[in-house]
Amino acid sequence: MKRRLFVASTALIGLGARAQVADLNDAINKAGRQRMLSQRASKAYLALVHKVEARNAQQVLDQSIALFERQLVELKSFAPSAAIRGTYDTLGAAWSDFKKELTSPTPSKADAAKVVKLDGAVLALAHQGTVQYEAASDKSAGKLVNIAGRQRMLSQRMAKFYLASALQIDPAGSAAELAKARSEFVAALEILRSAPGDTTQIKEELVLADAQWVFFSNGLQRLEGASASPKLMSDVFITSENLLGIMDRITTLYSNLKT
């Protein structure tokens, strides 16, 4: 199980390794990945507070921070309009506040609530940038890149709220947000499955996503709040990483479409 986690994390970093934004589809992909990283970083922080998957969680947190900062520079430099550049200026300020909490010397339950609150501002601005980049594109594939890319964020958001519930951070609110993200993820999967431009490779990856979603969903359904066992939390952490790796590949496949 841990080996699959390592493979998924490494694959994600590999996909983010392109030094510059290649085109608008690539910009939508990377802008959407920023949404995911806001939730993934929080998830990793909460796992560290729980002392669950501690080594992997620290690796995920460090990778997420490094990748977010690199892509922030790339997306701002590529911005085709003053409005988009302005969004990334504002995002940079929100990220600075968020990162300060993420990098506290000793992750704690008291600070975890601040982390969960601050990631919301980063997520909202990252989504704003993604939508702006999609609007600047004249390719129909841009919408699918955005939808598939948002699935990455939802995979991490669900795991984050599962771990937040176990810490009793706004338990009712965490459960409600988790349920909302589940519904949105399932609906978006259906959109992607029925997309007319899906290639054979995309369809094959979507089958893998469906299979991984079953494992992840089963773990999420065992939402036990403060009674959640380390084993259950570990399962949710690992399956969220596996699903993320698949959805990141799918998003990149859509970004490579020429239509």
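Predicted model: local features only at pLDDT ≥ 70, side-chain atom pairs only at ≥ 80, totals over all residues.
The side chains of K43 and E241 form a salt bridge, with N and O 2.6 Å apart. K43 sits in helix α2 (residues 24–50) and E241 in helix α9 (residues 230–255), so this pair ties together parts that are 198 residues apart in sequence. Both K43 and E241 are buried.

**Overall fold**

- The protein has 9 helices and 0 strands.
- Its radius of gyration is 17 Å, close to the 18 Å that the globule rule gives for 259 residues, so the protein is as compact as a globular protein of that length.
- The C-alpha trace spans about 50 × 40 × 30 Å along the principal axes of the protein.
- Among contacts with a separation of 6 or more, 82% are between residues 24 or more positions apart.

**Burial and surface**

- Of the 259 residues in the protein, 55% are buried.
- The protein exposes about 10,800 Å², and 58% of this area comes from carbon and sulfur atoms.

**Charges**

- The protein carries 33 positive and 25 negative side chains.
- The centres of these two sets lie 2 Å apart.
- Side chains of opposite charge can pair when their charged atoms come close.
- The count of salt bridges in this model is 16.

**The pair E69 and K99**

- E69 and K99 form a salt bridge in which the closest N and O atoms are 2.9 Å apart.
- E69 counts as partly exposed because its relative accessibility is 30%, a value between the cut-offs of 20% and 50%.
- K99 has a relative accessibility of 27%, so it also counts as partly exposed.

**The pair D119 and K160**

- D119 forms a salt bridge with K160, and their closest N and O atoms are 3.1 Å apart.
- This pair links distant parts of the chain, with D119 in helix α5 (residues 109–136) and K160 in helix α6 (residues 141–166), 41 residues apart.
- D119 counts as buried because its relative accessibility is 1%, and buried means under 20%.
- K160 is buried as well, with a relative accessible area of 1%.

**A network**

- Salt bridges also link K30, R70 and E74 in a network.

Terms used:
Residues numbered from 1 in each chain as written. Heavy atoms only, no water. Helix = DSSP H or I, 4+ residues; strand = E, 2+ residues; numbered from the N terminus. Rg over C-alpha atoms; globule rule 2.2 N^0.38 Å. Buried < 20%, exposed > 50% of the residue type's maximum accessible area, 1.4 Å probe, protein only. Contact = heavy atoms within 4.5 Å. Areas by Shrake-Rupley, 256 points an atom, 1.4 Å probe, with all protein chains shown as cover. Lys, Arg positive; Asp, Glu negative; His and termini not counted. Charge placed at Lys NZ, Arg CZ, Asp CG, Glu CD. Salt bridge = Lys/Arg side-chain N within 4 Å of Asp/Glu carboxyl O.
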